[in-house]
Every structure is written in C-alpha cells, then in structure tokens.
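Please read it alongside the sequence and the coordinates.

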2 protein chains.
Amino acid sequence: MTTVDIHDIARSAKTFDVRGFYVITPLESQSQLVQRVIRHWVEGRGATYNPTRQAALSLVKVKGSMEEAIGDISRYWKPGVKVVATGARSQRENIGYSQLREIFLASSGPFLLLFGTGWGLTEEVIRNSDYILAPIEGSHYNHLSVRSAAAIILDRLLGWR
Amino acid sequence: MTTVDIHDIARSAKTFDVRGFYVITPLESQSQLVQRVIRHWVEGRGATYNPTRQAALSLVKVKGSMEEAIGDISRYWKPGVKVVATGARSQRENIGYSQLREIFLASSGPFLLLFGTGWGLTEEVIRNSDYILAPIEGSHYNHLSVRSAAAIILDRLLGWR
C-alpha cells in the first residue's frame, strides 16, 4: 500500500459515493504511514490547502484485519456485511458486473469490496468471500495497477453514463 | 506528469489494446524523466525484472507538442487523426461514451484521446478537438486522478464486460 494508492482509491471512492475505504494491514509501520497521511489531509495543513482531498481522505480508516473492518462496518453502518473479492484471475464461481450491480440495487447493503495489492488476495480470503467478481477482461494483458482496477470496478458497479 | 502516471496509464492502455501512449510536454526536464523511465523498463534492467511492465511501457513515446504527436501518428499509423478531449468539466458540445464507442467501431481510426494533468487541458486545445468527451459523472465530486480517469474512460470506450 503506497500513499498514491490511498489518495487515488479515496478519490475514486468519493466520486462514486462509497461510504468508507478501509486500508487493512497487520503491519504497524504501514498502519502508521496511512494514519499520518489521513491526519495531514483531514485535520492538518492539507485540509485547508486542498478541501477536495480532505473530502476524499475522510473516507479512509485503517484496520489490522478483515475481522476488525467488518466489525467496524457492523457497528457504524449495519451488520450483515457481504464480502466481494476482486482479482485478475478468473474463477469458476465468478459473478459478473451487471449481476452484482443488480444485487446492490436490490439490497440495503452493506457490501465490502476487497482489493489486494502486490500478489492479490490470498486464497483463503477469496474462498471466504460471499462473491468473487469477474476480472477486468483486456486483451490478454491483466496487469492493471490496483488504483486503476479499483477505479474501473467502482465505475462498473456504481457509475452511470 | 509523474512516473506513477506513466506506469499506470501505460498499463491501462496495454490492457485495452491501445496502440500508443504519447506523453506531450514542452519541458526538457520532464521529457528526459520520461525517456529515462522508458529506457529502464523497455531496454534496461527493468525489462528482465518485469516483462509485463516492459510490454506496457513499450507503448510510451515522448513528444514536445500535440503537432509532433499527430505527425508521428500520421507517419507510423495513418493520417487523419481525430482528436478527443477529455476533462472534468461539462461542455455544451459533449459527446457521450456509447456514441463515441460507435464512432470508434464504424471508423478505421486513428483517434487521439487527450488527458490533461494538473489543471486539465487548455481552452485552446479543447476548442481545436474533434470531440469533447462527457465528464465522468460522480456524486458531485469530480476530482479523480488522471490515472483513474484514464482507466475508466478507456474501459468505457474500449472495454467489454
């Protein structure tokens, strides 16, 4: 997780009216880095320098595990979180974009969309998800940055044109 | 233009089978930075370290002006380039995504999609374009990074799902 990831994904989340953006990391050093970025842009000098960035970064929370993130969503929003895994590999049980979009519309939520950095999500996390979203199909090249993948997926699921 | 912009947009371009990615800058220092990034990943150590990054960055060329980029496209691909401006502001003459997608399908190209960094494209560049693409409509928040905007726009115009 880099600071560019945090800024870009927070801005995409804000664009498509997502309610929160959890950065999940068990590493204390990473957690502190993210906290520092949030503090600077939400409360610190960044907030007056760039209010639109403040609006985006206000969505960010850091948690040590998925369980903690899900606990937070249950407490502050609503219990019964459905987890949606994303990734570049095709899985037998993939759900398509329009199908998931319909599920979003028919449900009162909440949904947690999972994005992995580096080598992606672990097999265990994928297996324990409620849905596994179909990969973004390109021309046999599936090496988008997590920032670009998140932007495209949020647009496909929540955008209108 | 940052190195993250170059990597991310090149990877998105490669994903959606775009033929070239021109970085247009009149600044010699910026031009040299981009050349250095390309050399490292296309010919240098980056190429063996990460072949998928090499494939993406092979699409990148640096030019000093739009005229030079258009000249290059005419020489190496085909003359008669149609220029499509993009941006966060709504213009009276905006063209929609499905409409432009149809124009792409009906034409043998080439098209040059323009993305601006920082404060966006100049009024003059927008005025001289053949098409002005509609902005990505979000929830009253239009501050995507150029990396995310490029990913979403390429997906809307060239992706399939």
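Which residues lie nearest the centre of the second largest pocket, and how many residues line the pocket?

1. This is a predicted model, in which local features need pLDDT of at least 70 and side-chain atom pairs count only at pLDDT 80 or more, whereas totals for chains, interfaces and linings use all residues. Residues are numbered from 1 along each chain as its sequence is written, chains are lettered from A in the order in which they are written, and side-chain values use heavy atoms, with hydrogens and water left out.

2. The second largest pocket has a lining of 43 residues, and B:G20, B:F111, B:L112, B:L113 and B:L114 lie nearest its centre. Elements of chain B that give two or more residues to this lining include helix 1 (3–15), strand 5 (111–114) and helix 8 (146–158). A pocket here is an open set of points on a 1 Å grid, where a 1.4 Å probe fits, with protein on both sides within 12 Å along at least five of seven lines, and lining residues have an atom within 4 Å of a point. The space in this pocket is about 1400 Å³, and its lining comprises 28 nonpolar, eleven polar and four charged residues.

3. Over all chains, ten salt bridges are found in the whole structure, a salt bridge being a side-chain nitrogen of Lys or Arg within 4 Å of a carboxyl oxygen of Asp or Glu. One of them joins A:D8 and B:R147, with an N to O distance of 2.6 Å; this pair crosses between chains, from helix 1 of chain A to helix 8 of chain B. A:D8 is buried at 0% relative accessibility, and B:R147 is buried at 11%, where buried means under 20% relative accessible area, exposed over 50%, and partly exposed in between (1.4 Å probe, protein chains only). A network of salt bridges also links A:D5, A:R147 and B:D8.

4. Within chain A, A:D72 and A:K61 form a salt bridge whose closest N and O atoms are 2.8 Å apart. Because A:D72 lies in helix 5 and A:K61 in strand 2 of chain A, the pair ties together parts that are eleven residues apart in sequence. A:D72 is buried at 3% relative accessibility, while A:K61 is partly exposed at 32%.

5. In chain B, the closest N and O atoms of the salt bridge between B:K61 and B:D72 are 2.7 Å apart. B:K61 is partly exposed, with a relative accessible area of 32%, and B:D72 is buried, with 3%.

Methods: Points joined across faces, edges and corners; volume = space filled by probe spheres on them. Helix = DSSP H or I, 4+ residues; strand = E, 2+ residues; numbered from the N terminus. Nonpolar A, V, L, I, M, F, W, Y, C, P; charged D, E, K, R; others polar.
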